[in-house]
Amino acid sequence: MLKASSITFTQKNYELALQYFLKLEQLAEYDNNIIEARKGIMRCYFELQQFENAISAATKHLETPKVNEDKILTDEANMIIAKSALKLGNIPKAQTMFNLISKESKGESKAEAKYYLAEIQYNLKNYDESQKEIFELINQVPSYDKWIARGFILLADNYFVTGNPFEAKQTLQAVIDNYKGTDLVEIAYAKLNAIIDSEKPQQTPANDNDSIPEDLNHKQ
């Protein structure tokens, strides 16, 4: 059952994998197998976008003996709770969990949590707070290029929406020049081009009368 659940999850057959993990949880006697089952259950629920179930499963996973001894396991469970809460529109819970991760974790989990905290503040139109979170991301976890690049793109959005298109363009250009992943570079290019297009002088609309035949133009 452990092998079947692992194989089907790797194949992204999450519905079937979930059934295997649930069965494994019922059958398992050893702590390690119980942990694997509950970890798989929370992952499957999240991938299936069953976010309420994902939160419940992740919470149960955190309560499993020995899980709290493994920072990687706790970080993943807390991240699933945070992201699921965000998807459900429960902003306070999402912020609480992302703050917890950013304070207690290191490495990529911390970088990811700081990014989402900045994104939440941006969506709430708290632009100063969003920028503060981004600069903390850049300064505290500078080794994680993907999250730094995403942070810079979000920073550019902040600059543009607060009336500073020059800084927005410079920030996006920095992503284009320095980040190696094509996905985020394409996003940066698209946003940069959108700003440039927005700065072009708008063509004066043709006089409505120009397109109206003379005999209809003066018709009463």
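Which residue forms a salt bridge with Glu25? The partner is Arg38, and the closest N and O atoms of the two side chains lie 2.9 Å apart. Arg38 belongs to helix α3 and Glu25 to helix α2, so this pair ties together parts that are 13 residues apart in sequence. Both Arg38 and Glu25 are buried, where buried means under 20% relative accessible area, exposed means over 50%, and partly exposed covers what lies in between, with a 1.4 Å probe and protein chains only.

This is a predicted model, in which local features need pLDDT of at least 70 and side-chain atom pairs count only at pLDDT 80 or more, whereas totals for chains, interfaces and linings use all residues. Residues are numbered from 1 along each chain as its sequence is written, and side-chain values use heavy atoms, with hydrogens and water left out.

**Salt bridges**

The structure holds 12 salt bridges, each defined as a side-chain nitrogen of Lys or Arg within 4 Å of a carboxyl oxygen of Asp or Glu. Three of them are listed here.

| Pair | N to O separation |
|---|---|
| Arg38 and Glu25 | 2.9 Å |
| Glu36 and Lys39 | 3.2 Å |
| Lys114 and Glu133 | 2.7 Å |

Glu36 and Lys39 are three residues apart in helix α3, and are therefore separated by about one helical turn. Glu36 is partly exposed, with a relative accessible area of 31%, while Lys39, at 13% relative accessibility, counts as buried.

The side chains of Lys114 and Glu133 also meet in a salt bridge. Lys114 lies in helix α7 (residues 108-123) and Glu133 in helix α8 (residues 127-140), so the pair ties together parts that are 19 residues apart in sequence. Lys114 is buried, as is Glu133. Elsewhere, salt bridges that share partners join Glu25, Arg38 and Lys60 into one network.

**Helix α1**

Helices are DSSP runs (H or I, at least four residues), numbered from the N terminus. In helix α1, which spans residues 2-10, the buried residues are Ser5, Thr8 and Phe9. Seen down the axis of α1, these buried residues fall within an arc of 100°, so they line one face of the helix; the arc is taken over the directions from the helix axis to the C-beta atoms. The face of α1 turned away from the buried side carries the exposed residues Lys3 and Thr10.

The buried residues of α1 pack against α2 (14-27) and α3 (31-47), contact being defined by heavy atoms within 4.5 Å. Just after α1, Lys12 takes a positive phi of about 65°.

Conventions: Helix = DSSP H or I, 4+ residues; strand = E, 2+ residues; numbered from the N terminus.
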